[in-house]
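Me: I'm new to this one. Can you show me the structure and walk me through where the chains meet?

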Amino acid sequence: MTLNIVVCIKQVINPDYFEGLTLDPETGSIIRDNVPSILNPVDENALEEALRVKDGFEDTTITAISMGPPQAEEILQWALALGSDQAVLLCDRAFAGADSLATAFTLAEAIRKLGTVDLILCGNEAADGATQQVGPQIAELLGIPHATYVTSMHLDNDGSVAIRRSIEYGHLQMTCRTPMLVGVLGEINEPRQVTADGLISAMDKEIITWDAGGLGVNAEQVGLKASPTWVEGSYEKRIVRASLMLEGTPAEMVRAAVLTLRNEGLL
Amino acid sequence: MSILVIAEAAGAGFRPSTFELLSHARALGEPASVILVGDDAANKEQLDGLAAKVVTVAGANLSPYSADSWVDVLAQAIQAEGADVVLFSEGQRTRDLLPRIAARLGLSAVTAGMGLTKDGGSYVVHRPAQGGKAYMDLVVEGGSALIAFRPNSFATDAAPVDGTAYEEKTIDAAANRTPVVEQVAEEGKKIDVTEAAVVICGGRGMKSEENLALLEELADILGGAWGVTRALVDAGWKGADHSIQVGKSGKTVSPGLYFACGISGATHHIMGMDTSKVVVAINTDPDALMFEYADYGITGDALQVIPEIVKEVRAVKG
């Protein structure tokens, strides 16, 4: 069985640095200067799942794809070193400022351009935006089914895919077929490490870069221009809490807290 | 002006958030129309007086829930109703459906909503932005957006309406390419931590897995749910399941009252709870970062303080 797998990955600000981030007072957007970036954590699990399929089906081609600035090449290099066969960077100033649907459109057009795809894997959510929208929207634009919150996946010889997804009260077991898009949770697998051999083999692999022209889309269809204007909302600072430290013995502090919470109608 | 609510069933009724959305629509002077799909319609009479109109949608491949067929049917039903804003309850099912319906209908998808007001002919959605660093007010023009709201965002006490109209529809989905073959309810996943009005969360200060029973005890007497930090899930403590992990890589909670028990206040945890209305922090370290995100701080050992709270609550509640 010949398989073509696309893994959508994203470079995000290292979540460990979220605390120190500052906002541009004019636009409300994050000032990203001097903040380290990493591969979105759960995207590692998406890559790992693709590599496991390839472990089982030798004739598998894995394409890692990312939309982002030139430095997003770093995460694509990483994907190649892990064992992806090729990588595509979607990079154009026109792509900037995209909301989830404009992002999904750009990625979907790139996947179309790659040709036949059996399986699209992505992390269930990005550590920065956390909208969880791009995966299902890519699937919609490509007209294929999707599954989100996936904790287990097994692809069979006949193209059927057994999926287990998490839901609030437990889980659902589904039987789907390729082509489809799967959004994975971190618990689906334990990602492998990059090996020295992997790093060496990555040197022979190519990162293809497509801009809007290369992708065959016009600037009106992508980026900020294709995103609704209401993203320019008005911003305010986060809630400042009272941080009132109670005093006395544990029993006295608890008595004061319970009294206050009762007065506020919370207990 | 018109509001459409996509209801979500749970147990022998609906998610509390469904009642919140319907109440808030009434409070805005726009009693909602509500759509119930498949098995969600089983307890529709519970919505009597809470909505202007209840539309139940039956059809092939709608039971049990499947993203593929539900997207198809909901998109058609939403279009037929033609509302100014369409409200969903935040949750895994909504995250599965909403973005795809939005893409199909060419609408904006807004998630993590916490407030909704009217401004002339538009609606304004209050929501956290930039990973919880700020709040934003989005102006949503009529007919342009699907919006998901976090549980515990609205009161449920708006006056009922006189007479709810009922309408039944049949819509067959084009296909069901993601059929569910088995639904499994898991032990310990009964009260969802995202839905609870009171959340008791424990961190490393709980010291060992046996002490998680303290969280459960306090949650039980307050009618809430308990959760844990990532540290406890990573440590593999029994009962510290990922499904109750509060934080960036787990659940986002927004309860009326949040107890942080023995939690240092790492950023990934704060991002999962910082829209809680009132926060009480308990920690032995008076300099713990968690106190900066708390309304009330108790310096002390959570293992001693929690039983005191249980005792005190029992005393005042009788």
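Me: How many salt bridges are there between chain A and chain B?

Reply: The count is 6 salt bridges between chain A and chain B, each being a side-chain nitrogen of Lys or Arg within 4 Å of a carboxyl oxygen of Asp or Glu. This is a predicted model, where local features need pLDDT of at least 70, side-chain atom pairs count only at pLDDT 80 or more, and totals for chains, interfaces and linings use all residues. Residues are numbered from 1 along each chain as its sequence is written, chains are lettered from A in the order in which they are written, and side-chain values use heavy atoms, with hydrogens and water left out.

Me: Which side chain meets Arg100(B) in a salt bridge?

Reply: That of Glu140(A), at 2.7 Å, N to O.

Me: OK, how many residues are in contact?

Reply: On chain A 67 residues are in contact with 73 residues of chain B, contact meaning heavy atoms within 4.5 Å.

Me: And what area is buried between chain A and chain B?

Reply: About 6,700 Å², with carbon and sulfur atoms giving 55% of that. Buried area is the accessible area (1.4 Å probe) that two parts lose on being put together, summed over both.

Me: Switching to strands: which strand of chain B is joined to E9(A)?

Reply: Strand E13 of chain B, residues 180–185, is joined to E9(A) by 5 bridges, and the two run antiparallel. Strands (E, at least two residues) are DSSP runs, numbered from the N terminus, and two strands pair if DSSP finds at least two bridges between them.

Me: What stands opposite Leu172(A)?

Reply: Gln183(B), in E13(B).

Notes:
Helix = DSSP H or I, 4+ residues; strand = E, 2+ residues; numbered from the N terminus.
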